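Me: I am new to this structure. Please show it, and then take my questions one at a time.

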Amino acid sequence: MTDNEKDVIILGGGLVGSLLAIYLAQEKFQVTVFEKRPDPRKEDLEAGRSINLALSRRGIKALRDVGLEEIVKPELIPMTGRIMHDKNGKTNYQPYGKKGQYINSVSRNGLNTVLVKEAIKIGVDFIFEHVCDRVDSRKNEVSVRKVGESESTRHTASLVIGADGAFSAMRRSFQFIPRFDFRQSYLNHGYTEMSIPPKNGDFAMDPNGLHIWPRGNFMFIALPNPDKSFTCTLFYPYEGELSFESLKDDKDILKFFADYFPDIIPLIPNLVDEFRLNPIAHLVTINSFPWAFNRCMLIGDASHAIVPFYGQGMNSGFEDCYLFMRLAKDLNYDWDEILPRFSSERKKDADAISRLALKNFIEMRDKVADKAFLKRKKVEAAIHELFPNLWVPQYSMVTFSDHSYSDADYIGKLQDQVMNENKMLWEDRDPTPSDLAYLAEKFNDLMITSLRDHL
């Protein structure tokens with residue numbers, strides 16, 4: 001491989017772009033990153049639009065792979081479960097998995113800043129406040145210009161990666177290529193961000209859980225920050241009787257919180273001002289394929305953006321980087337073989353986590369407060385305790401294991417089938433050990449039948 005073949009351009013210096021830049025720079029590639037936003041080391045870029053992120057096994061595995069796990073740790077706060085708040089202010093704790101398992105709350109901008117600093121240390125060239133107007137995949141050429149200016153410059157490289165998010169410039173250019181499939185869909189809900197400040201120098205609530213106020217068709221959540229504040233997000237319909245549209249004045253806002261989130265009011269000084277401070281943002285799912293043309297490839301949200309309700313957007317993007325670099329090393333950096341193979345192999349998992357994230361939105365806003373749902377989760381956890389290698393809850397497969405997303409999606413459907421077909425064993429009574437063994441046996445039989453059908 002010549003020096004010219006070692007040149008790489010990455011569009012987008014967010015989480016996925018900066019992590020992939022580190023991966024490539026560690027392999028002695030000359031990496032240039034074009035990022036439309038200002039340098040995150042100097043400005044709070046995400047205020048008003050960033051839901052705090054949940055870093056879990058897949059993301060940590062990628063950070064460990066590039067030697068950054070320990071450097072990132074000070075940015076993390078462990079959360080061992082959900083803390084549900086009812087309308088009367090009472091709380092109910094629901095563990096995410098077994099004892100010792102947890103996800104980590106992290107600020108998007110805080111983590112992005114760490115990654116950019118580390119990338120720059122090893123020679124990555126970041127060019128901030130530059131936007132990409134066009135990608136010519138036939139020439140591996142990008143046209144970029146400084147934000148606010150009209151004149152663009154052209155740049156080529158042996159490899160061009162579009163890590164430029166849900167509204168990717170590279171993907172927009174791909175849409176003019178025959179047989180490129182693209183679909184985007186918005187939820188009827190938007191979100192706005194608020195903040196709970198520290199109380200008497202400490203956290204105002206338990207910091208080791210993801211706080212959720214489920215209210216059927218909408219919800220409020222809060223995740224802890226290292227400065228002892230909480231980043232809060234209201235997910236609410238755009239239109240309708242209960243919607244952002246219906247909150248016309250200060251009185252409406254206060255009444256809404258008094259009716260549905262009364263325990264929030266004393267935690268947020270100047271609540272109305274906080275509510276009005278930030279814009280209402282959108283929730284979009286992106287599906288596209290193929291991800292690569294010539295030596296130009298989409299990765300992360302640019303190829304498969306998902307809604308945030310499984311906490312896997314960042315984790316799936318980091319896993320993209322991990323798997324892409326594993327394949328690149330195995331195939332000796334033959335990009336002409338690597339790019340189409342990676343996108344075709346990864347596509348099914350991207351689609352699976354997209355489906356799971358949408359499904360989990362319904363669970364978080366509604367079912368986590370449902371007694372039958374909670375009973376079912378306890379029964380599944382009991383089966384897992386008795387048969388840990390046979391029955392692994394779907395959430396644990398996604399969050400705490402290396403199961404592919406597509407396997408977790410498929411196995412979860414088989415588990416649903418077993419639980420739904422045998423409700424008499426658990427729904428209205430506490431199942432006995434023999435009942436749990438029977439459910440596990442039925443699941444095992446279903447798995448065997450399913451495997452046989454696929455042979």
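Reply: Helices (H or I, at least four residues) and strands (E, at least two) are DSSP runs, numbered from the N terminus. This is a predicted model, in which local features need pLDDT of at least 70, side-chain atom pairs count only at pLDDT 80 or more, and totals for chains, interfaces and linings use all residues. Residues are numbered from 1 along each chain as its sequence is written, and side-chain values use heavy atoms, with hydrogens and water left out.

Me: Which element gives the most to the lining of the second largest pocket?

Reply: On a 1 Å grid over the protein atoms alone, a pocket is an open set of points where a 1.4 Å probe fits, with protein on both sides within 12 Å along at least five of seven lines; lining residues have an atom within 4 Å of a point. The second largest pocket is lined by 27 residues. Two or more of them come from each of β6 (91-95), α11 (371-386) and α12 (394-400). With 10 residues, the top contributor is α11.

Me: How many charged residues are in the lining of the second largest pocket?

Reply: Ala, Val, Leu, Ile, Met, Phe, Trp, Tyr, Cys and Pro count as nonpolar, Asp, Glu, Lys and Arg as charged, and the others, Gly among them, as polar. Nearest the centre of this pocket lie Pro95, Tyr96, Lys377, Lys378 and Ala381. The lining has 10 nonpolar and 8 polar residues, and the number of charged ones is 9.

Me: How much space lies in the second largest pocket?

Reply: Grid points are joined across faces, edges and corners, and a volume is the space filled by probe spheres set on the points. For the second largest pocket this comes to about 720 Å³.

Me: Why is α1 described as largely enclosed by the rest of the structure?

Reply: Buried means under 20% relative accessible area, exposed over 50%, and partly exposed in between (1.4 Å probe, protein chains only). Among the buried residues of α1 are Leu15, Leu19, Ile22 and Tyr23. The helix is largely enclosed because the buried residues number 11 of the 12.

Me: What span from first C-alpha to last does α1 reach?

Reply: The expected span of a helix is 1.5 Å times one less than its number of residues. Helix α1 (residues 15-26) has 12 residues, for which 16 Å is expected. Close to that, the span reached is 17 Å.

Me: By how many degrees are neighbouring strands turned in the open sheet of 3 strands?

Reply: The order of this sheet is β9-β10-β11, with antiparallel pairing. Its edge strands, β9 (130-136) and β11 (153-156), pair on one side only.

Me: What is the bridge partner of Met79 in β7?

Reply: Strand β7 (residues 103-106) points Ile103 and Ser105 one way and Asn104 and Val106 the other, and all are buried. β3 (residues 53-55) pairs with β7 in the antiparallel sense over 3 bridges, where Leu53 is partnered by Val106. β4 (residues 77-79) also pairs with β7 in the antiparallel sense over 3 bridges. There, the partner of Met79 is Ile103.

Me: Is Arg179 buried or exposed?

Reply: Most residues other than glycine have a negative phi, and most peptide bonds are trans. Arg179 has a positive phi of about 70 degrees and is found in the loop between α5 (169-174) and β13 (181-186). Its relative accessible area is 78%, so Arg179 is exposed.

Me: Which peptide bond is cis, with omega near -5 degrees?

Reply: Its proline lies in the loop between β18 (284-289) and β19 (292-293), and is Pro290. The cis bond runs to Pro290 from Phe289.

Terms used. Pairing = 2+ DSSP bridges.
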